[in-house]
Amino acid sequence: MKKPYLFTLCLSLALVSCKKSIVEVETQSKIDGPSVVTNLNNDLLLKLVNDKRAVGCNCGTTVMPPVAALTWNNLLAAAALAHSKDMNANNFFDHNSLNGKTPGDRLTAAGYKWMAYGENIAAGQPTEQAVFDAWINSEGHCKNIMNANFKEMGAAKDGKYWTQDFGKQ
């Protein structure tokens with residue numbers, strides 16, 4: 001009699017633990033939005049950015065000291081994807097959309113409640129390493145990557161167009 005009771009107790013505890021984990025995962029996904037198909041390796045691009053932020057660098061003639069790591073944000077990734085898709089569909093390359101929308105407008109439309117934001121765009125690079133190298137070798141893009149005010153990042157690619165959005169809520 002003791003063994004079936006013990007098995008039932010363990011099974012009940014396991015189900016309670018699983019249910020709690022599911023609730024925690026659902027809550028997390030609601031915080032920064034549903035996952036986004038970004039057409040890139042999110043982890044790799046975030047690692048490249050955070051590795052550089054950890055050691056600091058020179059952005060042109062400006063010395064940028066080490067800063068805290070960024071976290072991935074799906075709302076920023078959704079805004080980045082929308083902009084990359086827009087540039088690809090309409091064959092243009094600019095931070096402002098053809099309808100006049102700014103990066104801030106796009107972040108707001110994606111549901112990101114920003115206090116600060118930045119955006120990097122690129123076209124034609126074949127890999128995450130190549131686009132990161134292009135951005136880090138451009139003074140303005142590099143300063144976005146190294147900006148201590150930004151706490152989160154999302155990025156996406158459509159066709160040849162890359163968009164990287166940074167934010168602070």
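**Salt bridges and aromatic pairs**

E139 is partly exposed, with a relative accessible area of 34%. The model is predicted. The side chain of E139 meets that of K143 in a salt bridge, at 3.3 Å from N to O. K143 is also partly exposed, at 31% relative accessibility. Both residues belong to helix α6. They are 4 residues apart there, about one turn of the helix.

The count of salt bridges comes to 3. Side chains of opposite charge can pair when their charged atoms come close. Another of these bridges joins D51 and K47, with an N to O distance of 2.6 Å. This pair sits in helix α2, which spans residues 42-55. The two positions are 4 residues apart, so about one helical turn separates D51 from K47. D51 counts as partly exposed, at 40% relative accessibility. K47 is partly exposed too, with a relative accessible area of 47%.

A further bridge links E119 and R106, whose side chains meet at 3.0 Å, N to O. E119 is in strand β4 (residues 116-123), whereas R106 is in helix α4 (residues 103-109). The contact therefore ties together parts that lie 13 residues apart in sequence. Are E119 and R106 buried or exposed? E119 has a relative accessible area of 7%, and it is buried because this value is under the 20% cut-off. R106, at 10% relative accessibility, counts as buried as well.

Aromatic contacts were examined next. A pair of aromatic rings is described by the distance of the centres and the angle of the planes. The count comes to 3 aromatic pairs. One of them is formed by W114 and Y117, with ring centres 4.7 Å apart. Their planes stand at 85°; this is over 60 degrees, so the pair is edge-to-face. W114 is partly exposed, with a relative accessible area of 33%. Y117 is partly exposed as well, at 30%.

F150 and F166 form another aromatic pair. Their rings are stacked, at 5.5 Å centre to centre and with 15° between the planes. F150 lies in the loop between α6 (139-146) and β5 (152-158). F166 lies in strand β6, residues 161-168. The pair therefore ties together parts 16 residues apart in sequence. F150 counts as buried, at 3% relative accessibility. F166 is buried too, at 0%.

Technical notes: Residues numbered from 1 in each chain as written. Predicted model: local features only at pLDDT ≥ 70, side-chain atom pairs only at ≥ 80, totals over all residues. Heavy atoms only, no water. Phe/Tyr/Trp six-rings, centres within 6.5 Å; stacked < 30°, edge-to-face > 60°. Buried < 20%, exposed > 50% of the residue type's maximum accessible area, 1.4 Å probe, protein only. Salt bridge = Lys/Arg side-chain N within 4 Å of Asp/Glu carboxyl O.
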